[in-house]
Amino acid sequence: MNHNNLKVASPFLVAVAFAIVYIVWGSTYFFIQMAIQDLPPLLMGAMRFLAAGAILLLWSFIKGERIFVKSSLITSAIVGILLLVVGNGVVIWAEQTLPSALVAILVSSAPIWFVLLDKPNWSTNLKSKSTLAGLMVGFIGVLLLFGEQVSDMLAANTDRSKIIGMLSLLVGAIAWSSGSLYSKHNPSEGSPTVNVAWQMVIAGLVFLPASLLNHEFDRVIWSQITVQAWLALAYLVLFGSIIAYSAYVWLLQVRSATQVSTYAYVNPVIAVILGIVFAHETISLVQLIGLVVILGSVLLINLSKYRIGTTGNNNEKKGVSDKPSALLHDQVCLTDVLIPPVKIIEN
């Protein structure tokens with residue numbers, strides 16, 4: 001989707017969706033670590049996505065929506081595997097051996113991959129000085145935020161599993177960016193809720209055999225899984241998957257991929273704030289500077305979008321078409337709350 005064919009959504013709903021993705025996904029690092037204390041990582045991923053997908057499919061069935069659309073299933077499989085199996089899966093796996101700080105830094109490379117892989121928008125993104133500056137500044141901010149913790153870890157002997165984990169996270173960031181862009185530029189037919197549900201179900205079905213091959217079912221002792229782990233899993237299913245993931249996919253349809261990718265910079269900020277508030281953690285001056293730098297980078301990245309939005313509003317006064325777009329069918333709702341009216345601005 002280029003800027004010559006923009007969909008207009010309610011600014012309030014866009015703000016709500018961004019807030020959900022920023023805050024909820026910023027907290028999932030903590031809850032993933034809590035869950036995998038008792039649940040094997042791949043099995044946890046399977047349970048999380050199968051449960052979330054099944055709930056959304058049931059909701060769609062109750063509403064009378066068409067569940068099976070062949071072309072949409074293929075797209076959902078590609079997107080689900082890239083985003084949830086590879087992109088999210090390596091995060092779950094890496095958090096067994098790597099501190100959340102380092103995981104956050106490596107995941108925050110996603111916005112850079114968004115720009116490099118989004119070929120249809122190269123002419124816009126690569127010519128925008130504010131966007132490129134924002135990407136670089138944001139990554140520097142994340143390094144400032146977690147640099148002290150990471151330097152302490154690297155000063156110690158880093159075993160092979162940690163090196164593999166770091167490389168896997170880079171691959172995961174590329175896969176996540178690729179899947180997001182594929183979803184954005186290849187809209188599916190049918191209900192958006194059904195499409196997201198199938199992405200999760202397919203991802204869960206891929207996680208299951210991986211868990212079996214890793215002999216996780218042999219190691220898990222169901223009677224010893226704590227209530228805390230079950231509650232963490234429930235949080236990841238409801239808030240991390242059903243609500244936040246749906247908001248993220250919807251945002252990809254109404255905002256540029258570069259703008260949506262700012263979640264990767266803001267999530268670590270939210271994680272630090274939650275740690276201070278709920279875990280009584282302390283923050284250093286360098287980390288505080290990192291927080292300010294990250295927030296400044298988000299403003300830089302969005303600066304060009306504000307300019308485009310102003311231009312779009314001027315064009316809208318000249319004439320706006322209310323005709324439906326094929327992309328309208330791929331809007332994702334939060335149980336039908338986040339489906340705004342859409343207009344196509346024709347420049």
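Predicted model: local features only at pLDDT ≥ 70, side-chain atom pairs only at ≥ 80, totals over all residues.
Entry 1. Residues are numbered from 1 along each chain as its sequence is written, and side-chain values use heavy atoms, with hydrogens and water left out.

**Entry 2. Aromatic pairs.** I looked up the ring pairs and found that the structure holds 13 aromatic pairs (rings of Phe, Tyr and Trp, the last by its six-membered ring, with centres within 6.5 Å; planes under 30 degrees apart are stacked, over 60 edge-to-face, the rest tilted). One of them joins Trp25 and Trp176 edge-to-face, at 5.6 Å centre to centre and 75° between the planes. I see that this pair links distant parts of the chain, since Trp25 lies in helix 1 and Trp176 in helix 8, 151 residues apart (helices are DSSP runs of H or I, at least four residues, numbered from the N terminus). Trp25 has a relative accessibility of 8%, so I recorded Trp25 as buried.

I then turned to the pair of Trp176 and Tyr263, which is tilted, with 6.5 Å between the centres and 55° between the planes. This pair also links distant parts of the chain: Trp176 is in helix 8 and Tyr263 in helix 13, 87 residues apart. Both Trp176 and Tyr263 are buried.

**Entry 3. Cavities.** How many cavities of 30 Å³ or more does the structure hold? I found 2 (on a 1 Å grid over the protein atoms alone, a cavity is a set of points where a 1.4 Å probe fits but cannot get out). The largest cavity contains about 310 Å³ of space (the space filled by probe spheres set on the points, which are joined across faces, edges and corners). Its lining has 22 residues, and those closest to the centre are Tyr29, Asn88, Val91, Val107 and Trp176 (lining residues have an atom within 4 Å of a point).

I recorded that helix 1 (11-35), helix 2 (41-62), helix 3 (70-94), helix 8 (160-185), helix 11 (227-254) and helix 13 (263-278) each supply at least two lining residues. Helix 3 gives the most, with 5 residues. By class, I read 14 nonpolar, 7 polar and 1 charged residues in this lining (Asp, Glu, Lys and Arg are charged; Ala, Val, Leu, Ile, Met, Phe, Trp, Tyr, Cys and Pro nonpolar; the others, Gly among them, polar).

**Entry 4. Helix 1 with helix 11.** I looked up this crossing: the axes come within 8 Å and cross at roughly 145° (axes are lines fitted to C-alpha atoms over the stretch in contact; angles run from 0 to 180 degrees between N-to-C directions). The crossing is left-handed (the near helix is turned anticlockwise from the far one by less than a right angle). The residues of the contact divide into 26 nonpolar, 4 polar and no charged.

**Entry 5. Single residues.** I noted Pro41 in helix 2; with a relative accessible area of 4%, Pro41 is buried. Pro41 and Gly89 are 48 residues apart in sequence, and their C-alpha atoms are 8.4 Å apart.

Val69 sits in the loop between helix 2 and helix 3 and is buried, with a relative accessible area of 10%.

Definitions and conventions. 1 Å grid on protein atoms, 1.4 Å probe; cavity = no way out; pocket = protein on both sides within 12 Å on 5 of 7 lines; lining within 4 Å. Buried < 20%, exposed > 50% of the residue type's maximum accessible area, 1.4 Å probe, protein only.
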